[in-house]
There are 2 protein chains.
Amino acid sequence: MSAYAVGIDLGGTNLKAALVHEDDGLVDTARCPTHADRGPDFVIKQIGRLVEQMTGDAPDPISGVGIGSPGAISWERTTVSQPPNLPGWTTVDLSARLDDLLEADVPVIVENDANVAGLGSAFYGAGQDHDSFLMVTLGTGVGGAIIYRNQIFRGTTGAAAEIGHMTIDYEGPYANSGVAGAIEGYLGQSFLSAHAADRLTNHPDSKVYDLVDGDLSQLTPKVLYEAAEAGDDAATDILAWAGHKLGCVLGSAVNLLDIRTIVVGGGVSGAGDYILAPARQTLPQFVVPGLRGDLSIIQETLGNKVSLLGAARLAFEGRTAQV
Amino acid sequence: MSAYAVGIDLGGTNLKAALVHEDDGLVDTARCPTHADRGPDFVIKQIGRLVEQMTGDAPDPISGVGIGSPGAISWERTTVSQPPNLPGWTTVDLSARLDDLLEADVPVIVENDANVAGLGSAFYGAGQDHDSFLMVTLGTGVGGAIIYRNQIFRGTTGAAAEIGHMTIDYEGPYANSGVAGAIEGYLGQSFLSAHAADRLTNHPDSKVYDLVDGDLSQLTPKVLYEAAEAGDDAATDILAWAGHKLGCVLGSAVNLLDIRTIVVGGGVSGAGDYILAPARQTLPQFVVPGLRGDLSIIQETLGNKVSLLGAARLAFEGRTAQV
């Protein structure tokens with residue numbers, strides 16, 4: 001089998017592609033706007049074009065194509081259903097459509113984007129030293145992946161690891177999913193920003209006001225991080241509040257899975273220890289005593305690369321490599 | 001391989017044993033007091049005696065012995081550590097000790113008692129029609145097992161499915177584990193009884209008072225069930241309160257595992273639909289919309305037999321049958 005594969009990150013805004021060497025990682029990358037409004041036919045052609053471009057750069061024929069996609073993925077890892085931010089897709093057999101387009105006769109494996117990030121971390125990122133870990137992606141929403149013995153744990157329909165919708169307070173605020181107290185309702189980017197804006201009312205001297213030119217609607221977790229770095233107590237406290245909530249939900253996950261390592265990625269994780277240190281402090285308090293040993297929460301530092309590496313890794317691992 | 005195996009249920013109060021036919025289920029059973037106070041040597045001899053008794057009743061040599069035990073079980077399924085209610089056990093290699101005692105040279109496989117109940121349900125009980133399900137055991141505590149594709153999901157150290165310690169309210173009441181809002185702190189037998197006793201202060205006409213001869217310290221979930229059956233609104237409301245909490249925690253588990261079937265067993269589950277109907281109503285509200293299809297909560301009706309059947313099933317499945 002060739003040591004090269006192509007990974008695709010199918011996003012609502014951008015399409016990203018990478019040529020990946022199995023051992024050495026990223027060899028080449030490319031990107032273009034998704035133009036999701038032009039519908040699936042256009043987007044699939046764009047993906048095909050990117051794959052051919054990456055394949056042309058490879059010294060050997062590639063062993064396959066892996067695609068990280070939003071939405072629900074079929075158990076066979078061929079078909080995408082109802083991807084948010086991709087209008088008109090309903091259900092698309094992405095594997096078959098690309099098979100028709102591509103010159104090379106190679107497998108095209110599709111997987112949920114959060115799972116792909118987990119796989120990338122497992123083989124190229126912070127998860128490399130751990131056979132099993134829970135990946136949590138803190139971004140617009142809160143996503144997750146369960147990596148169990150170096151494979152993706154997919155659940156009965158391929159939709160496992162929806163950690164963002166686990167509740168930590170059955171009478172808590174409603175997240176977009178309609179779940180009361182779901183962790184996404186605390187740590188999702190818009191929820192965290194809204195919470196921070198409300199709370200800063202009590203802190204008129206916070207540096208955050210300067211960073212957003214007095215307009216708290218411009219507030220993002222990144223601004224909170226910058227203010228915390230500049231020594232702002234209010235911003236530091238808000239990020240610690242978020243970290244505490246993260247620790248609570250991770251405790252529930254550890255109890256259920258007996259997986260003690262958590263890798264945190266995504267944009268909001270850029271706040272690093274401002275969120276992760278309080279999460280580390282809280283986590284054992286929400287874990288049964290017998291499972292409190294060897295707990296660790298680590299940060300994924302590969303950023304977006306982890307998704308492209310994970311997508312290509314799908315091709316190296318093969319379609320049936322899953323738990 | 002013989003179609004017969006012996007299953008042992010190692011409890012703090014009683015030792016139970018069964019001769020099990022792979023297809024037909026229970027053939028014979030026996031029991032004796034554990035006398036846990038006499039220490040592990042005595043208890044292990046008692047287990048050996050029960051195994052020989054059951055083996056003697058079998059028409060063919062048995063294929064093995066399975067033991068459901070409290071406490072932490074080693075990954076190899078040989079050794080028990082720190083079983084509650086078994087003083088002096090610290091760490092005991094139950095497989096090796098029984099190997100030495102038993103005449104027949106057959107594998108002795110040890111597994112956590114909650115997991116054993118799940119396996120019994122999967123092959124002989126309410127779980128038979130489902131490849132994957134979450135088993136929840138409502139008794140003194142709240143135990144659990146994850147059955148995934150007809151095997152026990154054990155986690156990284158064999159301790160998965162501690163659903164009783166998952167939180168539904170990070171500022172909720174503390175359970176014995178020290179976890180705030182852990183579901184065991186609502187549904188564990190003593191917690192549910194205490195909650196009911198407090199709440200009945202507002203219902204001096206409840207039938208519960210008669211059932212406990214005016215002494216609310218005698219209150220058990222079984223009494224609540226009896227009162228509910230007799231048409232008592234207060235008892236019915238209390239069991240519905242418990243069912244609501246159960247639905248909340250099961251929602252978190254479904255989100256994480258993408259396992260949509262829940263089998264509920266244990267003594268408290270005897271309250272049946274007084275608890276399970278409200279749990280069914282609550283569950284989808286705590287599950288992300290994409291996973292709300294095909295949810296079901298069913299009752300295990302085999303009672304204690306499920307543990308003996310599951311223990312013997314360990315021998316039919318073999319030591320390495322696990323996820």
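How many of the eight residues of strand 2 (residues 14-21) of chain B are buried? Six of them are, so to speak, under cover, and strand 2 of chain B is mostly covered. Buried here means that 20 or more other C-beta atoms lie within 10 Å of a residue's own; a residue is exposed at 12 or fewer and partly exposed in between, with C-beta atoms placed from the backbone.

Some housekeeping before the views. This is a predicted model, where local features need pLDDT of at least 70 and side-chain atom pairs count only at pLDDT 80 or more, while totals for chains, interfaces and linings use all residues. Residues are numbered from 1 along each chain as its sequence is written, and chains are lettered from A and ligands numbered from 1 in the order in which they are written.

**View 1**
Helices (H or I, at least four residues) and strands (E, at least two) are DSSP runs, numbered from the N terminus. Two strands pair if DSSP finds at least two bridges between them. Strand 1 (residues 4-10) of chain B runs antiparallel to strand 2 of chain B, with seven bridges. The two form a hairpin with three residues between them, and L10(B) sits opposite L15(B). Strand 2 of chain B also pairs with strand 3 (residues 25-33) of chain B, antiparallel over eight bridges. Here too there is a hairpin, through three residues, and L19(B) faces D28(B) of strand 3 of chain B. As a reminder, side chains in a regular strand alternate between the two faces of the sheet.

**View 2**
Look for V80(B) opposite V92(B) of strand 7 of chain B.

**View 1. The five-stranded sheet of chain A.**
Five strands make an open, mixed sheet in the order 11-10-9-12-13 in chain A. Strand 11 (151-152) and strand 13 (296-299) of chain A are at the edges with a single partner strand each, so one side of each has no neighbour in the sheet. Strand 9 (residues 133-138) and strand 10 (residues 142-148) of chain A are antiparallel over six bridges, and L134(A) has I146(A) as its bridge partner.

**View 2. A β-α-β unit in chain B.**
Strand 12 (residues 261-265) and strand 13 (residues 296-299) of chain B run parallel, with four bridges. V264(B) is bridged to Q299(B) in strand 13 of chain B. With helix 9 (residues 273-282) of chain B, the two strands make a right-handed β-α-β unit. Right-handed means that, with the strands pointing away from the viewer, the path from the first strand over the helix to the second runs clockwise.

**View 3. Two arginines with positive phi.**
R77(A) isn't a glycine, yet has a positive phi of about 65°. Find R77(A) in the loop between strand 5 (72-73) and strand 6 (79-81) of chain A; R77(A) is buried, with 27 other C-beta atoms within 10 Å. R149(B), also not a glycine, has a positive phi of about 55°. R149(B) is in the loop between strand 10 (142-148) and strand 11 (151-152) of chain B, and counts as exposed, with 10 C-beta neighbours inside 10 Å.

**View 4. Where chain A and chain B meet.**
At the interface, 35 residues of chain B are in contact with 35 residues of chain A. Helix 8 (residues 233-257) of chain B gives the largest share of chain B's side, seven residues. Contact means C-beta atoms, placed from the backbone, within 7 Å. The copies meet through the same surface, because 100% of the interface residues of chain B are also interface residues in chain A.

How values were computed: Two residues are in contact if their C-beta atoms, placed from the backbone, lie within 7 Å.
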